Amino acid sequence: MATVIDGKAVAQTIRSEIADEVRLLSQKYGKVPGLAVVIVGNRKDSESYVKTKRKACADLGINSFDIDLPEEVSEAEVIRHVHELNANPDVHGILVQLPLPKHINEEKVLTEISLAKDVDGFHPLNIGKLAMKGRDPLFLPCTPKACLELLSRSGVSIKGKRAVVVGRSNIVGLPASLLLLKADATVTIVHSQTSQSDTESIIREADIVIAAAGQAKMIKGSWIKPGAAVIDVGTNSVDDPTRKSGYRLVGDVDFEEASKVAGWITPVPGGVGPMTVTMLLKNTLEGAKRNIEQNN
Ligand code: NDP
């Protein structure tokens with residue numbers, strides 16, 4: 001049976017490490033990290049993520065700057081707020097909650113975030129540096145960083161291993177594959193246009209699987225190489241009449257089957273999810289340390 005990687009427990013450990021560092025910064029420089037979260041409109045899912053992020057900041061002594069804008073706000077106004085936050089010395093990280101309403105150009109807004117405050121790691125320059133040999137981005141995107149942190153804290157070595165990433169989105173699949181490559185894995189990416197038989201055979205050969213397709217239980221236990229490390233990013237809601245809510249969350253991997261074959265596996269929920277916000281807090285701390293230490 002696989003070792004089940006407890007994302008909640010790992011996240012808790014990292015959060016207490018962050019809280020210690022925040023205290024040290026405050027004692028030494030009289031300053032604490034600050035994270036600004038910009039949210040446009042009132043999508044329920046976005047509001048709930050943002051609430052989680054703000055509460056997590058409060059728990060660790062990180063200052064939260066809340067910019068809540070109405071759905072009909074103009075693109076220029078969102079950018080004006082980003083510029084203001086770029087100039088605010090108490091803000092060390094800026095996060096614009098995605099998706100933005102259709103009339104606002106997401107790429108344009110994200111490009112305006114100061115590179116030194118891009119705690120989501122989505123600025124094209126940060127992604128570009130992630131893709132280049134011998135260059136280091138200032139920030140790594142949170143979910144891919146969470147995947148690698150879970151592997152390293154579970155003692156899974158990456159160097160020289162065959163890894164597959166299922167999915168190639170800008171926020172998870174692509175940066176996860178670049179991070180694995182930087183960590184010296186031999187990386188293959190499969191996506192919706194990969195043939196079913198290729199997807200299956202490539203996964204069968206992988207020592208490390210990062211699943212981020214958003215397809216409930218698409219990866220079967222029989223596809224997993226015995227002993228492989230399986231990180232399941234997928235978060236899919238499926239009908240479950242036995243639950244009061246009427247649904248439950250499952251990953252992209254059939255956990256029941258795969259946990260009998262894999263060496264390590266993350267559950268959904270309770271795997272990558274709790275780690276993603278934790279990596280955002282860690283990025284904010286790293287940004288603050290760079291900024292405060294440089295200016296003192
Ligand atoms: P996207 O929908 O943006 O991307 C999905 C990717 O999977 C695409 O590249 C798509 O290919 C690929 N894909 C779709 N179907 C298949 C298939 N049958 N076989 C192989 N590849 C396939 O999703 P995200 O990357 O934003 O998120 C992926 C999943 O991770 C979702 O379930 C999301 O909820 C979850 N998530 C979880 C987070 C967490 O913290 N736990 C954070 C972020 C996301 P193509 O490019 O060809 O369309």
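This report walks through a sheet, a helix beside it and the surroundings of a ligand.

The model is predicted: local features need pLDDT of at least 70, side-chain atom pairs count only at pLDDT 80 or more, and totals for chains, interfaces and linings use all residues. Residues are numbered from 1 along each chain as its sequence is written.

**The sheet**

Let's start with the strands (DSSP runs of E, at least two residues, numbered from the N terminus). An open sheet is formed by 6 strands with parallel pairing, in the order 1-11-8-7-5-6; two strands pair if DSSP finds at least two bridges between them. Strand 1 and strand 6 stand at the edges with a single partner strand each, so one side of each lacks a neighbour in the sheet. Strand 8 and strand 11 pair in the parallel sense over 2 bridges, and A229 has W264 in strand 11 as its bridge partner.

| Strand | Residues |
|---|---|
| Strand 1 | 3–4 |
| Strand 6 | 186–190 |
| Strand 8 | 229–232 |
| Strand 11 | 264–265 |

**A helix on the sheet**

Helices are DSSP runs of H or I, at least four residues. Helix 6 packs on the sheet and touches strand 7 (208–211) and strand 8, where contact means C-beta atoms, placed from the backbone, within 7 Å. R153 belongs to this helix, residues 142–153. R153 counts as partly exposed because it has 14 C-beta neighbours inside 10 Å (20 or more would be buried, 12 or fewer exposed).

**Around the ligand**

Of the 26 residues around the ligand, G167, S169, S192, G214 and T276 come nearest; near means a C-beta atom, placed from the backbone, within 6 Å. Helix 10 (residues 272–294) gives the most to this shell, with 3 residues.

Technical notes:
Two residues are in contact if their C-beta atoms, placed from the backbone, lie within 7 Å. Axes are lines fitted to C-alpha atoms, for helices over the stretch in contact, and angles run from 0 to 180 degrees between N-to-C directions.
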